[in-house]
Every structure is written in structure tokens, then in C-alpha cells.
Amino acid sequence: MTTPIQNIGQIAINTHDVERSVAVYRDALGLEFLFQAGPLAFFMCGGVRIMLSVAENDEFDHPSSIVYFRVEDIRAARDELASRGVPLEDEPHLIAEMPDHDLWMTFFRDPDRNYLGLMSEVRRS
């Protein structure tokens, strides 16, 4: 069976303060800011668009799913985020030893306490 799904087109992340979150995603995380339209702000991360938005009603006012940002060097990326004031949850740690690489992750939170992760697939020599 084929699927019409090709890839992730956009991820929506809830916020209570769009301006505050724009500053974090743009300045601290370094994502490419696209534009802002009222209570919505859009960024690009690789080929995936991220939308920050205020929940339309109480039903949707909750932390987001975990978004994992792929990085080349997880320790350097974590150190860079720390230097920019991003609240970090842990140290980079090994998640799984795969046949040809190791999967590493570390986690942090945005201003609305959404749980986000950095992931790095480290090839073995």
C-alpha cells in the first residue's frame, strides 16, 4: 500500500506569548524566521516549517508533542543553547547503539515549557 504522506510539512507548537517565543526560536535556537501573522509565527528548520501559535481554545491549550531537532555535534549544540539562556533538562546521553551509528539525545524546554529535543546520529569510524 502506498501512502500519500511524503514528509512533515509543518509542526504546530503552542505558546502563550508569541513575541517571547519568537525571540527564543529565532535568537536562541537560531531557526530561520519566515514571517508573523497576528498570533502566528513561522520558522523553517531544514525542510520543515514550524508554526508557533496561541491555542484557539482550552481544548488545544497544552504542551506540544516532542519535536526533535537533528544536530551534527550534540555537545556543541547543547553548549551553544546553554550560552543563549535556553533552559536545559539534561546532558547529552546515548539512546541506542545502532549497527552503523549511535543515537544521542538531550532535551530542553521553550518558554511555554514545551519539551524539545536535540538528536544526533553519530557514525562510527
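Okay, let's start with a pair of strands: β6 and β7 run antiparallel, and 4 bridges hold the pairing. One spot to look for is Leu 94, which sits opposite Trp 104 in β7. Before I go on, keep in mind that this is a predicted model.

So where do those strands belong? They are part of an open sheet of 4 strands, in the order β5-β8-β7-β6, with mixed pairing. Which strands stand at the edges? Those are β5 and β6 (93–97), and each has a single partner strand, so one side of each has no neighbour in the sheet. On average, neighbouring strands here are turned by 30 degrees against each other, if you ignore direction.

Now walk across the sheet with me. β7 and β8 are antiparallel and share 9 bridges. If you want a landmark, find Phe 107, which stands opposite Gly 117 in β8. These two strands make a hairpin, with 5 residues between them. In that turn, Arg 113 has a positive phi of about 70 degrees. Then on to β5 and β8: this pair runs parallel, joined by 4 bridges. Here Arg 70 has Met 119 of β8 as its bridge partner.

Next up, the helix α2. Which of its residues are buried? Ile 74, Ala 77, Arg 78 and Leu 81 are. They span an arc of only 100 degrees around the axis, and that is why they end up on the same side of α2.

What do the buried residues of α2 pack against? They pack against α1, β7 (101–109) and β8. Have a look at the two ends as well. At the start of α2, Asp 73 puts a side-chain oxygen within 3.2 Å of the backbone nitrogen of Arg 75. After the helix comes Gly 85, with a positive phi near 85 degrees.

Let's go inside. The largest nonpolar core has 21 residues, and the ones touching the most other members are Tyr 25, Phe 43, Phe 69, Phe 108 and Leu 118. The elements giving two or more residues to this core are α1 (18–28), β3 (40–45), β4 (48–54), β5 (67–70), α2 (74–83) and β8 (115–123). Which element gives the largest share? That's α1, with 4 residues. As a general point, nonpolar side chains tend to be buried together in soluble globular proteins.

Zoom in on Leu 118. Leaving out residues up to four places away in sequence, Leu 118 touches Phe 69, Val 71, Trp 104, Met 105, Thr 106 and Phe 108, among others.

Last stop: Ile 13, in strand β1 (residues 10–15). Is Ile 13 buried or exposed? Its relative accessibility is 0%, so Ile 13 counts as buried. With residues up to four places away in sequence set aside, its contacts include Tyr 25, Ile 50, Leu 52, Val 67 and Leu 116. And try this on the model: Ile 13 and Ala 55 are 42 residues apart along the chain, and their C-alpha atoms are separated by 9.1 Å.

Technical notes: Residues are numbered from 1 along each chain as its sequence is written. This is a predicted model: local features need pLDDT of at least 70, side-chain atom pairs count only at pLDDT 80 or more; totals for chains, interfaces and linings use all residues. Side-chain values use heavy atoms; hydrogens and water are left out. A nonpolar core is a set of buried Ala, Val, Leu, Ile, Met, Phe, Trp, Tyr and Cys residues joined through side-chain atoms within 4.5 Å. Buried means under 20% relative accessible area, exposed over 50%, partly exposed in between (1.4 Å probe, protein chains only). Contact means heavy atoms within 4.5 Å. The arc is that of the directions from the helix axis to the C-beta atoms. A polar contact is a pair of N or O atoms within 3.5 Å; within protein, one must be able to donate a hydrogen and the other to accept it, and residues adjacent in sequence count only if both atoms are side-chain atoms. Two strands pair if DSSP finds at least two bridges between them. Axes are lines fitted to C-alpha atoms, for helices over the stretch in contact, and angles run from 0 to 180 degrees between N-to-C directions.
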